[in-house]
Amino acid sequence: MAALSAAPAAAREAPFRTNLPLRAAWLALAAYLVYAMSLLEITWPRFMIGLDNGAKFIGRMFPPNIAQPDTLLKGLTESLEIAVLASFLGIMVSLPIGLLASRNLMPAWATWPARLVIVLCRSFHPVIVAILFVKAVGFGALAGILALSVASVGFIGKLFAEAIEEISLKQVEAVRATGAPFFNVITYGVLPQVFSRFIGFVTYQLDSNLRNSTMVGIVGAGGIGGTLFAAFQRFDYDFVCAILLSIIGMIMAGEVIAGWVRGVFLDRGKVDEE
Amino acid sequence: MNQGTNRGAPAWRRFTPAQRLARFAVYLALVAGIVASAQTVEIIPEFLYDAPEQMQDLFRRMWPIAFYHYPRGVHDALMETIHIASVGTVLAILMAFPVGLLAARNVTPYRPLNYLAKLILVSSRSVNSLVWALLFVAVFGPGALAGTLAIAFRSIGFVGKLVGEALEEANPGTIEALNAAGAPWFSVLSKGYWPQLEPAFWSIALFRWDINVRESAVLGLVGAGGIGMALDTALNLFQWDRVAMVLTAIFGVVILAEIGVTYIRKRII
């Protein structure tokens, strides 16, 4: 066995050569991690103290206790309403903006402003946008609705524009050749091609709005988040646990429904056909 | 489409009655949901009347942007945000890899373990990063440690899910060849799965880092470090010109991160 492997090994190249630049990159990453962790004061003793606290914390969270069932229910419904309305508003606004931003259908003077709006909407976290709207329209669900609409415009607008840019222009040309006006070119040449992807990101955005609508309450923009934050500040950890579990339950239910809706509109056979 | 061209056949319908009923049900539920929400949601009209005025007031107070505030109050917090996002992403990847391996059905052929991994991934994703931050602030006290862990735990679900899916798509031929040669478990992973996973992996990691830069900017609102702390202070003191400075800084970093990620993706992948 030894003789068998020793002779050709010298002649043959090593099967897995060492990649020096790659190793240097890994080393640089490790060095950065050490540097960043020292800067962030992430140390082992702090972590261990935290674990102690964590055990106490979890102990206080269980068993979960619904201290104020009315507030909980009201918060959850409000979050749901915020998510639904924000998705609706956001989608209505993002359709024209996404269309304007698609480079294959629109001239440059239309795509640039539309793209700027999309980038602006996308770069801020919904909670930050919610702060600004709380100042503008006061505390309550409206601020949350507007903030999440802005986030939806950023997300759906971008994906919608990308989807339109990937369509086949042959069908658009064919519809145009029949003398169809611009609006009909859009409804018969463009929209059918992007519809299935559109359903995909709408259901995704509804889901994501539902998640975020449970959070905007932290800055006073309505929904269950306010209740959650208040419970945290009162150290009512058993109520916190109950709220978290109900939020998770609502989000999972939303995910199941979104999956079902996707199934209704995009059955396997049709996706394969495309 | 599979249109029938024979004349005698019944009129072609694109969808079966069940499909049409399901679609109708979705549309109906959608409209009902929107109408019901619009009618019951609590909006205080008095606040709405002076909204344009308030908005104007807001922008007047924000202008001119307090750029002088950047070196003293914003720069360090901004760097902290980037470090939180980066360290959080690396930690997330370290924790998500084993979970992703457990979730992939071809790597781990034991159903109960698959479901356990899926449960971990779903619970990580269902809790918002702000909630993770609140939890970790309660455990570790305010500061960047809580923020980093919040980012890491929130990202496990995302990274683990995508890694698991990428592993399930791996070509079984290579794996079989390695197994047939008697390669140990770790070699199958590192020489069989990893090369196939690598492009997807870097793309996932970069994408998540980009998201994490955005998310880590708000963690400070609940005391978990980063530029959100500077934002929170400026907001509480109603120093709107400083708020504008912080927002500009966040905007700049987010745009730079996105440009960088796009550039690296084009170069490497």
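Colleague: Where does Phe265(A) sit?
Modeller: Phe265(A) is in helix H11 (residues 237–265) of chain A; helices here are DSSP runs of H or I, at least four residues, numbered from the N terminus. This is a predicted model, where local features need pLDDT of at least 70, side-chain atom pairs count only at pLDDT 80 or more, and totals for chains, interfaces and linings use all residues. Residues are numbered from 1 along each chain as its sequence is written, chains are lettered from A in the order in which they are written, and side-chain values use heavy atoms, leaving out hydrogens and water.

Colleague: Is Phe265(A) buried or exposed?
Modeller: Phe265(A) is buried, at 5% relative accessibility. Buried means under 20% relative accessible area, exposed over 50%, partly exposed in between (1.4 Å probe, protein chains only).

Colleague: OK, new topic. How many residues of chain A are in contact with chain B?
Modeller: 65 residues of chain A are in contact with 65 residues of chain B, contact being heavy atoms within 4.5 Å.

Colleague: And how many salt bridges are there between chain A and chain B?
Modeller: Two. A salt bridge is a side-chain nitrogen of Lys or Arg within 4 Å of a carboxyl oxygen of Asp or Glu.

Colleague: Which residue forms a salt bridge with Arg122(A)?
Modeller: Glu258(B) does, with the closest N and O atoms 2.8 Å apart.

Colleague: Over to chain B. Which helix holds Thr89(B)?
Modeller: Thr89(B) lies in helix H4 (residues 69–103) of chain B. Thr89(B) is buried too, with a relative accessible area of 5%.

Colleague: What does Thr89(B) touch?
Modeller: Leaving aside residues up to four places away in sequence, Thr89(B) touches Ile151(B), Ala205(B), Trp209(B) and Asn212(B).

Technical notes:
Helices (H or I, at least four residues) and strands (E, at least two) are DSSP runs, numbered from the N terminus.
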